[in-house]
Amino acid sequence: IVSGLCVASLPPPAMADPPAPTPPHPRPRYEGLENLPHRALTTLQTASQGNVTLSQFVPWSELVFQSYRDDNWEIYLANGDGSNQTRLTYDGAADIQPRLNRGCTRIAFASNRTGNYEIYTMYPDGWGLTRLTANGTDDMNPSWSPDGTKIAFEAYRDGQAEIYIMNADGSGQARLTWDGAYDGEPTWSPGGTRIAFTSQRSGGYAIWVMNADGSGQTQLSTQP
């Protein structure tokens, strides 16, 4: 399941000792690229091609995905063309829903290695594992803000799925939705000011959107 793509290319700095077992081919860490100015999808005029969108000529260099190829859900990293697939996690529990931040400096993912699903981050070479949430219920579906400073996620800590937000280091966790129905699968707008999500509050599953602080919740799709 492919979950993230990014553009990055910088040499790796020195690292601390890796967790055991060591991933077979350490990857560069791409320090600093998350601070690049955000640029929304833009239509450009070229003499030879006419109008083309930014995504048509900026190559994706990395992608991250979950795979069951080793009889367990683990996280892998690959080049944008699918080559050089490298396993990043080596735990007997399920590691799922990986998401790359802008610039490929960190990967957020959900893991049930402590008994229930919690959100972790790591470098894109499998090093630097950090646990961000610690609750007796599931925290899942992390989503990076475009500037890499926030993570929106789906949490079951209040009895049903609700959307929360936190800082990239796990601090400042705050609940954004307060409905008795399912609210989950958050994703950020390109400018980082809005969060789209799935909700069942109107009956069937529909797409909703809200401001990044939880205000202005509005239904967008109306399928039954």
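These legends describe close-up views of a predicted model of one protein.

**View 1**
The protein has 224 residues, and 43% of them count as buried. Its accessible surface is about 10,800 Å². Carbon and sulfur atoms hold 53% of that surface. Among contacts with a separation of 6 or more, 34% are between residues 24 or more positions apart.

**View 2. Four strands make an open antiparallel sheet.**
The order is E11-E12-E13-E14. Which strands lie at the edges? They are strand E11 (139-144) and strand E14 (174-175), and each pairs on one side only. Strand E12 covers residues 150-155 and runs antiparallel to E11. The two are joined by 4 bridges. Trp 144 stands opposite Ile 151 in E12. Strands of a sheet pair through backbone hydrogen bonds.

**View 3. Strands E15 and E16 form a hairpin.**
Strand E15 spans residues 183-188, and strand E16 spans residues 194-199. Their pairing is antiparallel, over 4 bridges. Thr 187 stands opposite Ala 196 in E16. Between the two strands lie 5 residues. Gly 192 sits in the turn, with a positive phi of about 80°.

**View 4. Phe 65 and Tyr 76 form a stacked pair.**
The protein has 6 aromatic pairs. A pair of aromatic rings is described by the distance of the centres and the angle of the planes. For Phe 65 and Tyr 76, the centres are 5.6 Å apart and the planes meet at 15°. Planes under 30 degrees apart count as stacked, so this pair is stacked. Phe 65 belongs to strand E4 (residues 62-67), and Tyr 76 belongs to strand E5 (residues 74-79). The two residues are 11 residues apart, and their pair links distant parts of the chain. Phe 65 is buried, as is Tyr 76.

**View 5. Two arginines lie over tyrosine rings.**
Arg 106 lies over the face of Tyr 123, at 4.4 Å from the ring centre. Arg 113 lies over the face of Tyr 120, at 5.3 Å from the ring centre. Arg 113 returns in the next view, where its side chain makes a polar contact with the side chain of Asp 95.

**View 6. Asp 95 is a buried residue with polar partners.**
Asp 95 is found in strand E7 (residues 95-100). Is Asp 95 buried or exposed? Its relative accessible area is 0%. Buried means under 20%, so Asp 95 is buried. What polar contacts does its side chain make? One joins Asp 95 to the side chain of Thr 89, at 3.3 Å. Another reaches the side chain of Arg 113, at 2.9 Å. Leaving aside residues up to four places away in sequence, Asp 95 also touches several others, including Gln 66, Trp 73, Ile 75, Phe 109 and Ser 111.

**View 7. Gly 80 lies in a loop between two strands.**
The loop runs between E5 and strand E6 (86-87). The relative accessibility of Gly 80 is 32%. That value falls between the limits of 20% and 50%, so Gly 80 counts as partly exposed. Where does Leu 63 lie relative to Gly 80? In sequence, Gly 80 and Leu 63 are 17 residues apart. In space, they are 5.7 Å apart, C-alpha to C-alpha.

Key. Residues numbered from 1 in each chain as written. Predicted model: local features only at pLDDT ≥ 70, side-chain atom pairs only at ≥ 80, totals over all residues. Heavy atoms only, no water. Pairing = 2+ DSSP bridges. Phe/Tyr/Trp six-rings, centres within 6.5 Å; stacked < 30°, edge-to-face > 60°. Buried < 20%, exposed > 50% of the residue type's maximum accessible area, 1.4 Å probe, protein only. Lys NZ or Arg CZ within 6 Å of the ring centre and 35° of its normal. Contact = heavy atoms within 4.5 Å. Areas by Shrake-Rupley, 256 points an atom, 1.4 Å probe, with all protein chains shown as cover. Polar contact = N/O pair within 3.5 Å; in protein donor to acceptor, adjacent residues only side chain to side chain.
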